[in-house]
Amino acid sequence: MSLLSLSEVSIKYADTPLLDRVNLLLDEGERVGLLGRNGAGKTTLLKLIHGDLPPDEGTVSCRQQAQIALLPQEIPFDLTGKVFDVVAGGFNECNHPPSPDQDKVWKNQIQIERVIASMRLNPDAEFQHLSAGMKRRVLLAKGLVRNPDILLLDEPTNHLDIDAIIWLEKYLQRYPGALLFVTHDRMFLRRLATRIVELDRGILVNWTCDYDTFLQRRQEAWEIEQVHWQKFDKKLAQEENWIRQGVKARRTRNEGRVRALLKLRETRRERRIHPGKVRIQVQETERSGELVIEAENVTFAYGGAPIIQDFSTLIMRGDKVGIIGPNGSGKTTLLRILLGELPPQRGHIRHGTRLEVVYFDQLRVQLQEEKSVFENIGEGSDWIAINGQNKHIIGYLQDFLFSPERSRSPVRILSGGERNRLLLAKLFARPTNVLVLDEPTNDLDAETLELLEELLLDYQGTLLMVSHDRTFLNNVVTSTIAFEGDGRLNEYVGGYDDWLRQRAESIPIATQKVQTQAKKQEKTTGRLRLTYKEKLERETQKRELDALPQQIEEWESEQQQLLHLLAQPSFYQQNAGEIMKAKNRLQRLEQEIGEAYRRWEYLDEVHASTELD
């Protein structure tokens, strides 16, 4: 029997069916990626499965006693309290109330501490004072704390840094329950999904394959559908032409043809057209000077803690620079310093000439919630100038997939993806030669992401971008500035995968700029010949990679033994020193296991890239 079953489920919004008699089965151990365009109804489907929404028609059934947890896309604005209490609240949201049994209470306590440690959270921190990324981690811990049979994740990688995303991938790959998740992160999707389910115009389409195979098969299906509708429209046009000539005689054959035409018209009215593609274009202004930004020995600290330490860089016209680092490391601070919004405490910033900067803010504060989509773009006018030509705002918004009706809706009711599309539309309406994007990929669907990539690749200006989307970084940026702890920043040629490889070789641009041109040539002509030292380092890394699984298995075995020991009420009858010793060892094991998995991930990436050489 399946864990979850949806049978002929329908739900409408403003007379438009978001779900139209859909069916879905979810079995134990499956990891299903749920895809669909922004606004297609993915979040609605997750809420319906979780029990937050009733279906208009059909049934949603789960196996008896099955637990379901949902990580929502948006962070609750009214959630307060210490991290420990927020995570513990996960037990109160389960389908079946927790048992008052004392043994169960102790086990819950241990589970809360284990999940908090594995997510690297401070149990005493106040939730409302955390960054958006840390709040997402706390909410994820809240969902995971009771080991649900079905885990529903709505954009789980939003606001997480790369280390946290990699940890989450590893955790979910070992998760024993069923997983249904919505994500824009294509690398995350490739590594996790065992099956793809697509929500397309109200219909759930099941694709029993990986993500790359799905892309190929879906394109083929679209092409077949296009041919089918072209034949249908040709037939309809012929019949409409016939009826306009008049029915010559009321013969049975002609009456049947009229009835067939009426059915064709009804089918055409019910057809739901594919929403099409976003048409994005940037208004480029006159070229900036050759020099865009020069930073020399920039230092900045906050509360005595170094954020940026003696950092220097030279950004020239046409450079596309990615910025990566853990949450809270100072990426937005670096952007503000480079743009001149925040003066460095030491060092100098020099700007080039004729800079026209457009800044995409990840918190979307430039959008006015109570105003309509139309008003946010027009700002009092019905027309907008795009590359020297006037265009009506309704038509401009349709390029970003906002229908005329949706254009008149207030911003506060838009989904996260729609808000990001609106902000892109607002910013790209301004002339620019320097684009600054702070987490632009959050909530965007995969198709819009690919189109944004194409636009940025063709963009002739300069790009500064903060992102945790590894595929996006690989496809767009020409160099990467990485926060590497204690205020150290280094710049590397290429995107995320290039950073991984070069970090292992310890060749940052800032210290060895003479190798920059060689590295660029290497991307197209193959790797340079390996030195003896590099070969020896690779062999050492390979041995470490081979040994890590056994080491992790031993640590996890010790971890399970400690968890079992700490779950025994009799254990707490001994002296406090022994109890604290066991708890400290458990916490160290969580850290060591997490570090080992990150090291494994890193070595595996390095080994995979070297095998291609």
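The second largest cavity has a volume of about 50 Å³, and a search of the whole structure turns up 4 cavities of 30 Å³ or more. Here a cavity is a set of points, on a 1 Å grid over the protein atoms alone, where a 1.4 Å probe fits but cannot get out, and lining residues have an atom within 4 Å of a point. Grid points are joined across faces, edges and corners, and the volume is the space filled by probe spheres set on the points. This is a predicted model, where local features need pLDDT of at least 70, side-chain atom pairs count only at pLDDT 80 or more, and totals for chains, interfaces and linings use all residues. Residues are numbered from 1 along each chain as its sequence is written, and side-chain values use heavy atoms, with hydrogens and water left out.

**Cavity lining**

- The lining of the second largest cavity includes Thr157, Asn158, His159, Leu160 and Ile165.
- Also in that lining are His184, Asp185, Glu439, Thr441, Asn442, His468 and Asp469.

**Whole chain and confidence**

- The protein chain has 19 helices and 20 strands; helices (H or I, at least four residues) and strands (E, at least two) are DSSP runs, numbered from the N terminus.
- Of the 613 residues in the protein chain, 49% are buried, where buried means under 20% relative accessible area, exposed over 50%, and partly exposed in between (1.4 Å probe, protein chains only).
- Taking contacts in the protein chain with a separation of 6 or more, 69% join residues 24 or more positions apart; a contact means heavy atoms within 4.5 Å.
- The average pLDDT of the protein chain is 81, and 86% of the residues score at least 70; pLDDT is the predictor's confidence in each residue, from 0 to 100.
- Watch residues 510-530: pLDDT stays under 50 there, and the model has 26 contacts beyond four places in sequence for that stretch.

- Helix 4 covers residues 132-144, and at 1.5 Å a residue its 13 residues should span 18 Å; the end C-alpha atoms sit 19 Å apart, which agrees. The expected span is 1.5 Å times one less than the number of residues.
- Helix 4 is mostly covered, with 12 of its 13 residues buried; among them are Gly133, Met134, Lys135, Arg136 and Arg137.
- The buried residues of helix 14 include Leu449, Leu451, Leu452, Leu455 and Leu456, along with Glu447, Thr448 and Glu453.
- An α-helix has 3.6 residues a turn, so residues three or four places apart point the same way.

**Cys209 and Ile196**

- Cysteine 209 sits in the loop between strand 9 (203-207) and helix 7 (211-244), and counts as buried because its relative accessibility is 9%.
- Leaving aside neighbours within four places in sequence, cysteine 209 is in contact with Thr194, Arg195, Ile196, Phe214 and Arg217.
- Threonine 194 is 15 residues from cysteine 209 in sequence, with 6.8 Å from C-alpha to C-alpha.
- Isoleucine 196, in strand 8 (residues 195-200), is buried because its relative accessibility is 0%.
- From isoleucine 196 to cysteine 209 it is 13 residues in sequence and 6.6 Å in space, C-alpha to C-alpha.
- Not counting residues up to four places away, isoleucine 196 touches residues including Gly33, Leu35, Leu189, Trp207 and Phe214.

- Glutamate 155 has a positive phi, near 55 degrees, and is not a glycine.
- Glutamate 155 lies in the loop between strand 6 (150-154) and helix 5 (162-173), and is buried because its relative accessibility is 4%.
- Aspartate 310, not a glycine either, has a positive phi of about 50 degrees.
- Aspartate 310 belongs to strand 11 (residues 305-316) and is partly exposed, at 42% relative accessible area.

**Arg412**

- Arginine 412 is in the loop between helix 12 (404-407) and helix 13 (416-428), partly exposed with a relative accessible area of 45%.
- Beyond four places in sequence, arginine 412 touches Glu369, Glu370 and Arg419.
- Valine 373 is 39 residues from arginine 412 in sequence and 9.6 Å from it in space, C-alpha to C-alpha.

Terms used: 1 Å grid on protein atoms, 1.4 Å probe; cavity = no way out; pocket = protein on both sides within 12 Å on 5 of 7 lines; lining within 4 Å.
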